[in-house]
Amino acid sequence: MCGAELTALPVGVQRVAEFLHAKGHAHLPVMLNDAARTAQQAAEALGVAVGQIAKSIVFRRKSDDAAVLVVTSGDRRVDEKKVEALVCIDGKRLGRADAEFVKARTGFSIGGVSPLAHATPPITLIDESLFRFDEIWAAAGHPHGVFQLSPQQLQSLTGAPVADLAVDVDEEKRALQRAISLVSLRAPTLDTETAVASPCISICRMSARTGLCEGCFRTRDEIAGWGSAHDESKRSLWKTIVQRMAALQA
């Protein structure tokens, strides 16, 4: 790796590249043409399974404001209770980390958080679901940057323990079905002139795999624009939501 190659990379990717180079890792970061802010986007760009994307989820430990990083498969959702049992021995809980907290502690912005080379080393845990694969890909400090490694190399490079940290697959399927059932009950009669009900069921959590809210199956932009949208636009979005729910059950 020459200096010219390094300085041509975004600052966050440079830091990851320097870390990997110092460790003698064979696969340095590559830059994708399109952003890969979600596991689904990264998998599509790389032509791999969603589970092969090692997504980095940052939490804030409430007792001391420490950053807790959980690296899991792109097709899994972190079970906060399992993480709390390992890192919150004082009985306090984890909190969600906002963009400002993530940037300040890791040096990376959400959508490009690498599992290594952080500005301040976090408490790091690796979910065992990654070990289903021989090859995985992780963010390299930028929404367009990724690098290849194995789960074993991830553990070696981070020194992090491996544990069962994901939501049970069957429970996740049940949660999806519950959300679909509740949203379906709120579906308006699309051809009437009555006010269009919101699809929100108060489960406000964005899926890293689909990029949709797990409670109403809308994108962030669709959620933000709902209040100012005309009824006809809302009815059109409802039709899209119904199609998305059908696809998720297929």
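## A guided tour of the predicted model

Select Arg-77 and Glu-214 to begin, and you will find their side chains joined in a salt bridge with 3.5 Å from N to O (a salt bridge is a side-chain nitrogen of Lys or Arg within 4 Å of a carboxyl oxygen of Asp or Glu). Arg-77 sits in the loop between β3 and α4 (80-87), while Glu-214 sits in the loop between α7 and α8, so this pair ties together parts that are 137 residues apart in sequence. The helices (H or I, at least four residues) and strands (E, at least two) named on this tour are DSSP runs, numbered from the N terminus.

Before going on, note that this is a predicted model, in which local features need pLDDT of at least 70 and side-chain atom pairs count only at pLDDT 80 or more, whereas totals for chains, interfaces and linings use all residues. Residues are numbered from 1 along each chain as its sequence is written, and side-chain values use heavy atoms, with hydrogens and water left out.

**The whole chain**

Show the whole protein chain now, which has 9 helices and 8 strands, and whose C-alpha atoms fill a box of roughly 65 × 45 × 35 Å along the principal axes. For 250 residues, a compact globule would have a radius of gyration near 18 Å, and the 20 Å of the protein chain agrees with this (the radius is taken over C-alpha atoms, and the globule rule is 2.2 Å times the number of residues to the power 0.38). Of the 250 residues, 45% count as buried, where buried means under 20% relative accessible area, exposed over 50%, and partly exposed in between, with a 1.4 Å probe and protein chains only.

Side chains of opposite charge can pair when their charged atoms come close. A search of the whole structure finds 14 salt bridges, and another one to select is Glu-84 with Lys-81, where the closest N and O atoms are 3.9 Å apart. Which of the pair is buried and which is exposed? Glu-84 counts as buried because its relative accessibility is 9%, whereas Lys-81, at 52%, counts as exposed.

Next select Lys-82 and Asp-164, whose side chains meet in a salt bridge of 3.2 Å, N to O. Lys-82 belongs to helix α4 and Asp-164 to the loop between β8 (162-163) and α7, so the pair ties together parts that are 82 residues apart in sequence. Lys-82 counts as partly exposed at 25% relative accessibility, and Asp-164 is also partly exposed, with a relative accessible area of 40%.

Move to Asp-127 in strand β5 (residues 123-127). Asp-127 is buried yet has no salt bridge, and the nearest side chain of opposite charge, that of Arg-76, is 5.7 Å away (Lys and Arg count as positive and Asp and Glu as negative, while His and the chain ends are not counted). What does the side chain of Asp-127 make a polar contact with? The partner is the side chain of Ser-129, at 2.5 Å, a polar contact being a pair of N or O atoms within 3.5 Å; within protein, one must be able to donate a hydrogen and the other to accept it, and residues adjacent in sequence count only if both atoms are side-chain atoms.

The other stop is Lys-234, found in helix α9 (residues 231-249). Lys-234 is likewise buried without a salt bridge, with Asp-231, the nearest side chain of opposite charge, 4.4 Å away. Leaving out residues up to four places away in sequence, Lys-234 touches Val-196, Trp-226 and Ala-229, where contact means heavy atoms within 4.5 Å.

**The nonpolar cores**

Finally, select Val-16, Val-58 and Phe-147, the residues with the most contacts inside the largest nonpolar core, which has 25 residues (a nonpolar core is a set of buried Ala, Val, Leu, Ile, Met, Phe, Trp, Tyr and Cys residues joined through side-chain atoms within 4.5 Å). Among the elements that give two or more residues to this core are α2 (11-22), β2 (53-61) and β7 (145-149), and β3 gives the most, with 3 residues. Apart from this core lies another, of 12 residues, including Ile-57, Val-78, Leu-125 and Leu-165.
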